[in-house]
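Subject: Structure for your review

Dear colleague,

Please find the structure below, handed over for your use. A written account of the findings follows it.

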Amino acid sequence: MITREQVIWAYRLLLDREPENEMVISDYIKKYQSPDQLRDVIISSEEYQSKNPAFTQSNLLKPFPPKDLLNLVAGSTNLPWFLQSGAKGRQSIDLILKKNNISLNEISTALDFGCGCGRVIRYWEKYSDTIDIYGCDYNPRLIKWCRKHIKFAKFYLNRFSPPLKYKNEYFDLVYAFSVFTHLTEKNQFLWLDEFDRILCQDGLLLFSTHGEGFLDHLGSSDKIIFNKGHLVVLDEVHEGKNTCAAFHPYDYVSKKMNHRFDMVDFIPRGALGNPGQDLYLFRKNNP
Ligand SMILES: C[S@@+](CC[C@H](N)C(=O)[O-])C[C@H]1O[C@@H](n2cnc3c(N)ncnc32)[C@H](O)[C@@H]1O
């Protein structure tokens, strides 16, 4: 929940003005659940961007993917949002590892599965002396862009379904932000098996899903299915694209997706770079 005061202060601090009227304030209160969401929405607005041109023009944040790729991956051409949310995605990896007393020193190989145009992987550069960073995606345009612009990581164009080209037990960490959110059940299980193959003993698997925070996106009959603990997948024919949307109840993930993995942590709405998505951390269980 956010309060009227929080909306007013967000306006003053970020936009340097008062909200237009009470209706605007109550719209924000109705639509957004947390101060973080409120801030993200304001920072993503045209007004914020035009008042803060340095934010998007800074060379520090380059390279910038072109708008069509931003749109393909994030459903929006908003560059500041892309940059900020990617940093937060990277940060949410640190936070969940720290919360579970896992040090980044335990990781020497990491894979960003479904890396898109590098929204999150771009923030691994400072670790690239000690960690071999890999990214893969099935979309050739995205991998082409990543290969050309993100030099510290190795990129690979995979097929839509497994296998990947990597050796058995190669990775210490595989993560997938907002990828299982666009796959059918069949492919999710194929990919879980593949992650099991490429993860080393005790390797970590981190992924985000649309959980309870996305119930409003479902019609009433799908809500019932979700609330009974079943996976809901909309527009399955467009699997892999953002129009295909999968919704995972916690019960489904904890009971059905833990084949060969132990759940280490579940943070509802914990994927900071994918507002509202749940975050799961699993460890490969070695029989
Ligand atoms: C919503 S985007 C998220 C991209 C990136 N993970 C991020 O957080 O910015 C979903 C990504 O998953 C990729 N993807 C979907 N199905 C895939 C598959 N079977 N293999 C690899 N990548 C896949 C898409 O091409 C797209 O880049």
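**Loop residues and backbone geometry**

Glu169 is placed in the loop that runs between S3 and S4; helices (H or I, at least four residues) and strands (E, at least two) are DSSP runs, numbered from the N terminus. The model is a predicted one, in which local features need pLDDT of at least 70 and side-chain atom pairs count only at pLDDT 80 or more, while totals for chains, interfaces and linings use all residues. Residues are numbered from 1 along each chain as its sequence is written, and side-chain values use heavy atoms, with hydrogens and water left out.

Glu169 is not a glycine, yet its phi is positive, at about 50°. With a relative accessible area of 45%, Glu169 is partly exposed; buried means under 20% relative accessible area, exposed over 50%, and partly exposed in between (1.4 Å probe, protein chains only). Asp235, also a residue other than glycine, has a positive phi near 55°. Asp235 sits in the loop between strand S6 (232–234) and strand S7 (245–247), and its relative accessibility of 32% makes it partly exposed.

The loop between S3 and strand S4 (171–176) also holds Pro163. Pro162 and Pro163 are joined by a cis peptide bond, with omega about 10°. As background, most residues other than glycine have a negative phi, and most peptide bonds are trans.

**Strand S2 and its neighbours**

Which strands pair with S2, and in what sense? Strand S1 (residues 109–113) pairs with S2 in the parallel sense over 5 bridges, and S2 is joined to strand S3 (residues 154–157) by 4 bridges, again in parallel. Two strands are taken to pair if DSSP finds at least two bridges between them.

Of the 6 residues of strand S2 (residues 132–137), 5 are buried, so the strand is largely enclosed by the rest of the structure. S2, helix H8 (residues 140–149) and S3 form a right-handed β-α-β unit. Right-handed here means that, with the strands pointing away from the viewer, the path from the first strand over the helix to the second runs clockwise.

**The ligand and its surroundings**

The ligand is surrounded by 20 residues, of which the closest are Gly114, Arg119, Asp137, Phe160 and Phe177; a residue is near a molecule if one of its heavy atoms lies within 4 Å of it. The shell around the ligand comprises 10 nonpolar, 8 polar and 2 charged residues. In this division Ala, Val, Leu, Ile, Met, Phe, Trp, Tyr, Cys and Pro count as nonpolar, Asp, Glu, Lys and Arg as charged, and the others, Gly among them, as polar.

Asp137 places an N or O atom of its side chain 2.5 Å from an oxygen atom of the ligand. Taken alone, the ligand exposes 590 Å², and the protein buries 96% of that. Accessible areas come from the Shrake-Rupley method with a 1.4 Å probe; for residues, only the protein chains shown count as cover.

A polar contact is a pair of N or O atoms within 3.5 Å; within protein, one must be able to donate a hydrogen and the other to accept it, and residues adjacent in sequence count only if both atoms are side-chain atoms.

**Buried residues elsewhere**

Ser208 belongs to strand S5 and is buried, with a relative accessible area of 0%. A polar atom of the Ser208 side chain lies 2.7 Å from the backbone nitrogen of Ser178.

His210 is in the loop between strand S5 (199–209) and helix H10 (220–227), and at 8% relative accessibility it counts as buried. The backbone oxygen of Ala246 is 2.8 Å from a polar atom of the His210 side chain.

Ala271 lies in the loop between strand S8 (261–267) and strand S9 (278–284) and is buried, at 1% relative accessibility. Ala271 and Gly89 are 182 residues apart along the chain, and their C-alpha atoms are separated by 6.4 Å.

Val120, in the loop between S1 and S2, is buried with a relative accessible area of 3%. Val120 and Thr243 are 123 residues apart in sequence and, C-alpha to C-alpha, 21 Å apart in space.

Yours sincerely
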